[in-house]
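Please keep the sequence and the model in view while reading.

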Amino acid sequence: MPRSVPPNLQGALPEAELPPGGSDGRRTASRTAPPSPSAVRRTHSLLSEVQTPHEPSEPSMEIGETTSLLPKGNETRRGMPRRSYTNLSGNTGSDFNNFRHTLLTGSIRRSRHHSRANSQAIRFSRRGSIDAEQAESLAASVKDGMTASFMDERSWYDQFTSTDWVHDSIIDGARLRELRKRKDIRGRLLAWLDGSQGWVLVALIGCITAAIAYSVDVTEEFIFDVKEGFCTTHWFHSRQSCCTGGSNCPAWRSWSQIYNPSGPDNYWVNYSMFIFWVVLLSVVSCLLTLFTKTVVPSSVSLTTLDENLGAASSRSTKGNNANSNSPGSASSQHALSSALPTRPAMVYYPAAGSGVAEVKVINSGFVLHGYLGFKTLLIKTLALVFSVSSGLSLGKEGPYVHIATCVGNICCRIFAKYNHNDGKRREVLSASAAGGVAVAFGAPIGGVLFSLEEVSYYFPPKTLFRTFFCCIAAALSLKFLNPYGTGKIVLFQVRYLGDWEMFEMAIFILLGVLGGALGALFIKASNLWARSFRRIWFIKRWPMIEVVLVAVLTGLVSFWNRYTKLPVSELMFELASPCDHESSSPTGLCPPEEGIGEIIRYLLVAFVIKSLLTVVTFGIKVPCGIYVPSMVVGGLLGRIVGHAAQYLVLKYPTSFLFGSSCPATAGMESCVTPGVYAMVAAGATMCGVTRLSVTLAVILFELTGSLDHVLPFSVAVLCAKWTADAIEPRSIYDMLTDMNSYPFLDSKHQPTSDAQLGDLVRPVRSSRIIDISGSSYVPARELRSKLQNLLMAGELDGGLPILRHGVLTGLIPAPELEYALDNLADEENTLCLMSLDGSSAVSDSEDDAETGRVDFGQYIDPSPLALDIHSPIDLVYQCFAKLGLRYLCVSHDGQYAGLVHKKAFVKYMKENE
C-alpha cells in the first residue's frame, strides 16, 4: 500500500496563528500559594532575581470523592473562565462562561492528589541585561530545577486521560534516591518502613475485602428467602437457619399461610408475592445504582461507559469526530464553545454491572474518576445485596473484584508513595482485584493468576508476591468469619472422592466444545440484545423500565421450576455435588434409573430459562456479575449430559464403549458422577465467556480440592477456549472495552497491519506547536490560546511540541502548561521562556525590558519520545502498550512532522485491524 507523507513536510512550517480574542476574558487578580520545597530551591537559579510576593495560603479543606477543585462563581482568578470538562446539555447555550456542570459524583476536573502545592511562578529581571556570571550557571541550574520538578506535587490526571507511566516512574526513582541517601541507622529504619508499607497495605485490603464479602453473604441470604416467607421465631434468619430440624418447620411461614393461617398453601398468593418481592428488590437495587449517575463531558467522544453494551447512540459523535480533533487555528473560543453542545450528553453509572472491564482499563493507565471512590464502594455494596437477593440471573463474584479494587484505591491514601503516584497505585489495584477473586471463589492461587491473566497491565515480580499475600489474607479472614456456618469460604465448594474413567475423556472434550460455543453465543446474543432492545428511546432514557421488565419476566418464569428459583450459588452447589443417596423427590438430582429421563427434561427446561434470563439480565443498571450465572448455565448443560451418560452406563454396562473401565460394584455413581460433568461444563462455559484459561483450571481445582480431576478440567478449558475463539474472538470484557471506546491497548496483542507511522500522522498546524525560532519568549496569551484549542479538541492529556527552525527541542504537556499559566500574576503582559538553552535566554531578555518574564523551563520535557515517520505500526504499538505513552512525536529527516495521541492511535487500530 502507498505510504502517506503529510503535506506539511514539503515545505516550511506555517507561521503561528493566534485566535482572535480580547483581553476582557483574561484574569486580572493575583493569587499564589507558598512555594513547595523544590520550588524554593529553584528560586536560586539565574532568572529568579525578582520574585512574585506570596499571599497567605487558603484555608485547608477536606477533599473527598465529591469535592470539586474548580472555583465557584466569581472565585476564578483573573476573570477568565477556567476549563471544565463536564457535559453541556442541549439548552445550555453557547456562552463559554457556562461551560460548567456539577456532577452527582463530583467534578470531572479534580486534583490527582489531595494537596496541590503550587510551584513558584518565577519572574524575570526587568533590567536590560543579565550578568554573564549568572548566564554561565544557567545550564547547571536547569538540570537541578528539572530534577526537583519531578518531586513537586503539581501533576494531576484529568478525567478520561491516561497515566504518564514514565513520569510516575521517574517520581518514584527520585523518591528512592532521596530515601537511600542516608546511610545511618535512622536511614536504614526509614528504608525498612518504606518497604513494609506495601505489605501492610495489601494485608489491610485483604481483611477489609473479606469483611465486606462476609456482610454481603450473610445479608443476602436472609433477604433472598423473604420472597417465600419469613421465620416467625427469628425474623432476621433465613429459611435454612430457621429450619434446623428438617423439612417439617412450623416456625417458617409462607406468605399464603400468613394471609390465611387456617387454610392450605395457596400457590397463587405465593406466586404473586414472589413476583412482588423480585420487582421490589430489583427496583431498590436500581435506585441505589442510579445515585452514582455521572455525566460524561460532551467534549469527550465516548459512546457509552457502562455495561449496557453500546446502547447509547453514537450517531451524533460520528459526525463531529473529525472536527473535534482538528479545530481551526483561527477559530475563536466563542465559536468552539458554541459548537460543543451539538453532541448529546453521555451518562455512566459506576455501580452498575460487574466493573471488571473498567478495572482492567484503569489498571492499563486510563483515568476514570468515580469508579473506585468511597461513594461507589458504599452504594455498590448495598445495591449488590438487593440485586442478588432479588433472584435475578446474576452473580456477586464479578462485583467483588470491583469492590475489592475500590477498597485498594481508598486504602492507598494511607501511604503517600501510593497516594501520590498513580503507577505505584496500580500495582496495589492489581493485588486488590486478585483479593476479590480470592473471596469470591475461595481460590487464593486462582486470584493471583486472575490478576496476572485478566486485569493487570503492569505486573512486576514484587507485585506477584504481594498479590499472593493479599489473596491469602483475604481468604484466611473470610475463613475465620465463616459466613455460611459450614467452614467453607464459598457455598459451592464440593469434594469428589472417586476417579474418572478413561472413556469419560471424550465426554469431557465434548463438554468443553459445547461450553465454549455456549459462551461465545452468549456474547453474540448479549451484543444483539443491546443493539436492538436497549436502543429503544424510552429504555435508554429511563433505565428503571428495563430493570422492572426483566424483574417481572424473572418472577413469572422462575417460580415454577425449582432450579430457576434457587439462588445461583446454591444451584451451582447442587449441580456439582455428588450423590450420597437417591432422592425422594421426583425433581431431585439423584434419581433412580427409571427417573433419569424425567430429571433430564426438568433440567432442560431450567437450562433454557436460565440461558435466556442471563442474556437479558446482563447489562441492566444493577450490580451484576457474569461468572457464576455462566457457570450455572454450563452446570445445567453438564448435568444433563452427565445423567445421559449415567443412563447409558446403567442400561448397557457391558458395551464396548465402556469396556472393563466401570467397576462391577453396584451404585448409581459407581462409574459416572454427573456432578463432575456439571463442574467441567461450568468451567468450560465460563471460559467461553471470559476467556480465562489457566486461572479457571486452578479455580476449579481449588473449588473441588480434587487433584484427580485437574486433567479433565484443563482439557475442557482448552477445548472451550479454542472453540470460543473460533466463533467469537473477543471475550465479554473485550467487547465491553471496544463498545465503550476505552483507549485500551492489549499488551499481548500483535498487530498484523503493514502500515507505517506516516499513515496516521496529521498535518502540522500552527495552533498545535510552539515555534521559538524567532524568540525563546512566547506571550502567555498566545500559550493560553493554543492550550484552549488543544483542550477543546478533547486532548486533555496532550501536549504542545516546542520547535526551533522545524527541529523538536522539547514538549510541554497540557496539564503542566495549564498549571503554569494559572499561576501567572499578569497573564496579559507576561512573556514565557520556552527554552532550556541558556544563551537564548540571555540574548532574548534584552528586548522589552518592561514586560514580565517567567521561566517555564521546569515544565518542559526536554526529551519527548519520537519515532521516524517510516516506523512500522508494530513498533508504534509496542511503544504505546509497553511504555504507557500518552503521545508520540513524529520526525522526518530530522524535522518535526507531527504528534500522535494515544486515543487517536487506538481509534486507528480499531478501524484498521
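**Surface patches and aromatic contacts**

Trp192 is placed in helix α5, which spans residues 185–225; helices (H or I, at least four residues) and strands (E, at least two) are DSSP runs, numbered from the N terminus. The model is predicted: local features need pLDDT of at least 70 and side-chain atom pairs count only at pLDDT 80 or more, while totals for chains, interfaces and linings use all residues. Residues are numbered from 1 along each chain as its sequence is written, and side-chain values use heavy atoms, with hydrogens and water left out.

With a relative accessible area of 58%, Trp192 is exposed; the classes are buried under 20%, exposed over 50% and partly exposed in between (1.4 Å probe, protein chains only). Together with Leu189, Leu190 and Leu193, Trp192 makes a nonpolar surface patch of about 410 Å². Patches consist of residues with over 30% relative accessible area and no salt bridge, where like charges are joined within 9 Å and nonpolar side chains (Val, Leu, Ile, Met, Phe, Trp, Tyr) within 5 Å. A salt bridge here is a side-chain nitrogen of Lys or Arg within 4 Å of a carboxyl oxygen of Asp or Glu. Accessible areas come from the Shrake-Rupley method with a 1.4 Å probe, and for residues only the protein chains shown count as cover.

A positive surface patch is formed by Arg180, Lys183, Arg188 and Lys462. Of these, Arg180 sits in the loop between α4 (165–179) and α5 and is exposed, at 54% relative accessible area.

How many aromatic pairs does a search of the whole structure find? The search returns 30, counting rings of Phe, Tyr and Trp (its six-membered ring) whose centres lie within 6.5 Å; planes under 30 degrees apart are stacked, over 60 edge-to-face and the rest tilted. Trp199 is partly exposed at 29% relative accessible area, and Phe469 is partly exposed at 34%.

The pair of Trp255 and Trp277 is stacked, because the ring centres are 5.9 Å apart and the planes stand at 25°. Trp255 lies in helix α7 (residues 255–259) and Trp277 in helix α8 (residues 267–290), so the pair ties together parts 22 residues apart in sequence. Both Trp255 and Trp277 are buried. Elsewhere, Tyr267, Trp268, Tyr271, Phe274, Phe559 and Trp560 form one aromatic cluster.

Key: Lys and Arg count as positive and Asp and Glu as negative; His and the chain ends are not counted. The place of a charge is taken as NZ of Lys, CZ of Arg, CG of Asp or CD of Glu.
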